[in-house]
Amino acid sequence: MKKFFSLQARRIYIALIMLFLYAPIITLIVLSFNSSRSRAKWGGFTLDWYKALFENESILQALYNTLAIALLSSVIATVIGTISCIAINSMKRKSRTVVMGITNIPMLNADIVTGISLMLLFLSLGLKFGFGTILLAHITFNIPYVILSVMPRMKQLNPSVYEAALDLGASPVNAWFKVVLPDLLPAIQSGFLMAFTMSLDDFIITHFTKGPGVDTLSTKIYTEVKKGIKPEMYALSTIIFITVLVLLLLVNKTPSPEKSPGRQKGLYQLTQKPGFRYASAGFLLLLTGSGIFLGMSRIKEPEVQQVIVYNWGEYLDPEVIEMFEAETGIQVIYDEYETNEIMFPKVAAGTSAYDVLCPSDYMIEKLIENDMLMEIDFDNIPNAVNIGQQYYEQSKGFDPKNKYSVPYCWGTVGILYNKTMVTEPVDSWSILWDEQYSNNILMQDSVRDAFMVALKLKGYSMNSMDEDELKEARDLLIEQRPVVQAYVVDQVRDKMIGGEAALGVIYSGEAIYTQRENPDLEYVIPQEGTNVWIDSWVIPKTAQNKENAEIFIDYMCRPDIALLNFEYITYSTPNDAARELIEDEDIRNSDIAFPDLSLYDHLETYDYLGEEGDSLYNDLWKEVKSQ
Amino acid sequence: MSTKLIDLQHISKSYGDNLILDDMNLYIRENEFLTLLGPSGCGKTTTLRIIGGFEKADRGIVCFDGQDISHLPPNKRQLNTVFQKYALFTHMTIAQNIAFGLKIKGKSKAYIDDKIKYALKLVNLDGYENRTPDSLSGGQQQRIAIARAIVNEPKVLLLDEPLGALDLKLRQDMQYELIRLKNELGITFIYVTHDQEEALTMSDTVVVMNQGYIQQIGTPEDIYNEPENAFVADFIGDSNIIDAIMVQDELVEILGTRFACVDIDFGTNTPVDVVIRPEDIELVAPEKGTIEGVVTHLIFKGVHYEMEVLANGFEWLVHSTILVPVGTKVGIHVDPFNIQIMNKPESEDEEVAVFDE
Amino acid sequence: MNKKKLWLSGPYLFWAVCFIIIPLCMVIYYGITDKTGAFTLENVLSVSTPEHMKALGLSLLLSLISTILCLIFAYPLASILAGMNKNQHSFIVLIFILPMWMNFLLRTLAWQTLLEKTGVINNILTFFHLPSLEIINTPYAIVLGMVYNFLPFMVLPIYNALCKIDKNVINAARDLGANGIQTFFRIILPLSLPGVISGISMVFIPALTTFVISNILGGGKILLIGNVIEQEFTQASNWHVGSGLSLVLMVFILISMVVSAILDKDGEGSL
């Protein structure tokens, strides 16, 4: 079209853009063959993740959900969208403008606003969050893509064609299907394709409208982003990508039946090739088939006993769930959250009735204060005696009568550092302010943990409600900002393993894992003291299966099970009996996994600070972050 | 009407394996109305685009006023084009469309305004300055396209099937309009069409093209009355094209019957094509004609009757104002000077006529 | 006949009211009430606090830069594509949609792997003894992420708009004496404007409201308005402030909708 640039220059330009577009994709493909679990390290070539992928039921289930939702929502959206195009086309100019304006809203509105507004709607309707709500949301944002694709074609349509069909004796419906529809088909197909793609790629709206136990690939990945992506996910993406690519290449090989130059653009042209039709039909068939197969395999007896568990991401060995289901016959519906703060509103709003939660200390206090927990009947949990007495003592800080909670994991917060980058001894939080390590420090991206570090360094309580103390802490954190490389939560783990940073604030449970992957790393508890935290099992008031919840908690307290979990998640277990079973002496006596707390001063556990305290901390934290 | 304003020398052009023009030579004189006529795919539009500068010839040169302009881009050439389907700028008003070329040249506002008025008057669309192209009918858009081109006072106006999208009546009106414009402006027109009637009505010179070759160049009368080969004869108007043998000078044997003619120099007993226009055939009493036949079809065409007469195994097409009923035995008579003798084409290419319009 | 056809719009209108209009009203309701349900403008006005203003300002700045960069990259690309062999069109266009079939989060995460201090790009640079690229956890990385993720949304509408332009219109401009540059600015650009406009709004708005890209590539050091809203909903569990800020965002979206409605009269922001 333009001859400003030579053919060569144009080719180079396209090649560069392609490189830009495909560099991350190539990276992901390479990562799928990386035998190291860490994104940051190349550990040699392997196909294990592909094997693991097909054994990983939860990813396959997420894949099925994703495809099913994409397919259903785009089909429904295509039908509704096409029908409404007919109507919109015959509207008067004014009402057409209004309807098209409304249609544009979900497309132009921020995803986050759309997601939240739908969440609010579903909440107020009292809908059960899950597959259905995601589907409704996806249909909603898919319809505009269909309408915007079909509408222009509809306008070009020659009305005489339809009239000719009527004239020749066709009924209106018949005329429409035999004559008008074929003309619209390319536009409908490209609208469908667009809708399908958008649905496949959506994260934000799904995030806000999903329920427990129902994950799409996007939400699964987001949960994993914080904990480190499972390489199986790379393998899956690679398979999806290659499949689509091969389909495309096949389609491109089949010649286009018409050589009509001009108006028809990209997607239309593609969708008109017979190859595309066969390929897409085949693809959809395959999809539905595998969907039905997967779906069938998931369908369990309807009257079966259930327990709905809401736990931290990657905080339970999946094998344990299978064992539990096999032994007790109780089906576990498992959902994960990333932070206490994300968990709380979901439980409070009652988007679904969870039976078991695993919040941290201060959050348990908050739940108790809000009268959201049920007393646990310890008679039903004989294995609770395996938990060391000192942990019950510690729990009294937030659960004074040990009525509501059974400890599951505990640990400290400390500094993880790379011995090759930090040679001086590390024993104080103050090293996190050292300019020598500028851009090499990772801070926790959560209010309480960040303020804990600053308050402890100043010698204050980490539960301080004193505004002056907090402002000092805030100023200290602001002062620290320039030397901080990033504020992250669980990514500290991957980044430290990869040698991205020299120092990072981390939970002790992650330290063991990181040391396993990178022996240069060392964990210390600073002398100014730190947070000793406990995550415990609790049963919310809204629970529908209290008995099952107690059976579940009891099962988790069994020494052999606690040991399995410890080995999988590497967070310290309060289960003394389980600790005895640890074979590796180094770990059984590890200072990191089982530190002798009596050796440290100034240890504290978080208190719930009330709504006022929460918003005070949040506001100050926002000031730090927005600097 | 003497100097060669545009001179195409040895122009060849192909797209991929598809040879569009093969060693074409053609010149256009000043103030001439020249029409490139031929079926679609004959190379006429490509020729025009090469003159306009939108395509580069693979070989050969284009001279304008004696200067080689082969390498000049379209904007540097002193000619303007009226495009098929008008190619108006839909995002501009009529006035802005017309002013486009003048603004580019940096003319003063007053001059431009003047020119717009003048051009709109010329094409009978006074007062349309502020309309948008979308609001005009096809014929009106066509006139605007012409106005837009002529305000630049080009030496040559190239017209690429400008009337193709108009209906019959409008097309006829526009034909007169174009002749009037050309006379008023006194510039050279190069006109591309596949419509032989248009070509014959308006042109000073008609160039009949087929398959990338020029078949004949001549005045409309020449082309019509004395087609040089079967293709031209067939393409221009209705005609009876019959295999024949030139027995000797001024005598030709058609379908086994000898006819007197006026052509000479074809040698003796040479196979030739003979063209006889339907209106040149006189139907007479059977015994008075050169050949005897029977009327097989009859259609009333308004100005005349169209008949088919079967004689000597050939269906003769005949136009006559006199009605002869079907089944009547008639004699066919042709005046010698109405028999047009043509050489058989040398190559297959020249013979093939593609009539898909 | 027409009456019957209008009736067909029923399902969609019902859907639109249920799932577009009502949810929107609920956001508005939350935005203008406090926890007790009393009317207040505080949530909306909270945008004027320095932290929020800063986040909003930064969001506007970064999304503006990203939009401009997308436009600069996409326009030549779209015009090269539009000038290509027609038979390859569909394939080339699909090439730009194809990356979307790899999950958005994974793609963005892959950029982290590429850009990190010890990441792929820096390893390559070090190998050639070139200075390393340190843009991860800075606004530059966020802009890169935005451009990367939203570029196809700019390319496709412009490409479609350019394909719609009759080649003879361009020839006509050349014929009337315009050189390449004049033809571009006076003819091609104005005629492709609807595509450009719809491209701009399809890039600017998601860029303005994103929180994922800034989370992953900004290292949590850069707070955009999307992050603030997300945190109000998911962490601070203050839905009222979250909704209030969403309303403020909606004003910007409304502005861009009005602008594109004025500029794109046909209302065919084509995809």
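Tutor: In this predicted model, B:E153 counts as partly exposed, because 13 C-beta neighbours lie inside 10 Å. The reasoning rests on a cut-off: a residue with 12 or fewer such neighbours is exposed, and one with 20 or more is buried. The backbone of B:E153 also deserves attention, as its phi is near 50°, a positive value in a residue other than glycine. Most residues other than glycine have a negative phi. As for its place in the chain, B:E153 belongs to the loop that links α4 (138-150) to β7 (156-160) of chain B.

B:N269 is not a glycine either, yet its phi is positive, at about 50°. B:N269 sits in the loop between β13 (257-260) and β14 (270-276) of chain B. It counts as exposed, because 10 other C-beta atoms lie within 10 Å.

Let us return to helix α4(B), one end of the loop that holds B:E153. Two packed helices are described by the angle between their axes and the distance between the axes. Here the partner is helix α2 (residues 94-105) of chain B, and the two axes come within 7 Å, crossing at roughly 30°. An angle under 35 degrees counts as roughly parallel, and α2(B) and α4(B) are therefore described as roughly parallel to each other. Their crossing is right-handed. On the α2(B) side, the residues that meet α4(B) are B:I94, B:N97, B:I98 and B:F100, and their counterparts in α4(B) are B:I144, B:A147 and B:R148. Sorted by class, this contact has five nonpolar residues, one polar and one charged.

Chain B also contains an open sheet, with four strands in the order β2-β1-β4-β5 and antiparallel pairing. β2 (18-29) and β5 (67-68) stand at its edges; each has a single partner strand, so one side of each is left without a neighbour in the sheet. The partner of β2(B) is strand β1 (residues 4-15), and eight bridges join these antiparallel strands. Within the pair, B:L8 stands opposite B:L26 of β2(B).

Technical notes. Residues are numbered from 1 along each chain as its sequence is written. Chains are lettered from A and ligands numbered from 1 in the order in which they are written. This is a predicted model: local features need pLDDT of at least 70, side-chain atom pairs count only at pLDDT 80 or more; totals for chains, interfaces and linings use all residues. Helices (H or I, at least four residues) and strands (E, at least two) are DSSP runs, numbered from the N terminus. Two strands pair if DSSP finds at least two bridges between them. Axes are lines fitted to C-alpha atoms, for helices over the stretch in contact, and angles run from 0 to 180 degrees between N-to-C directions. Angles under 35 degrees count as roughly parallel, over 145 as roughly antiparallel, 65 to 115 as roughly perpendicular and the rest as oblique. A crossing is left-handed if the near helix is turned anticlockwise from the far one by less than a right angle, and right-handed if clockwise. Two residues are in contact if their C-beta atoms, placed from the backbone, lie within 7 Å. Ala, Val, Leu, Ile, Met, Phe, Trp, Tyr, Cys and Pro count as nonpolar, Asp, Glu, Lys and Arg as charged, and the others, Gly among them, as polar.
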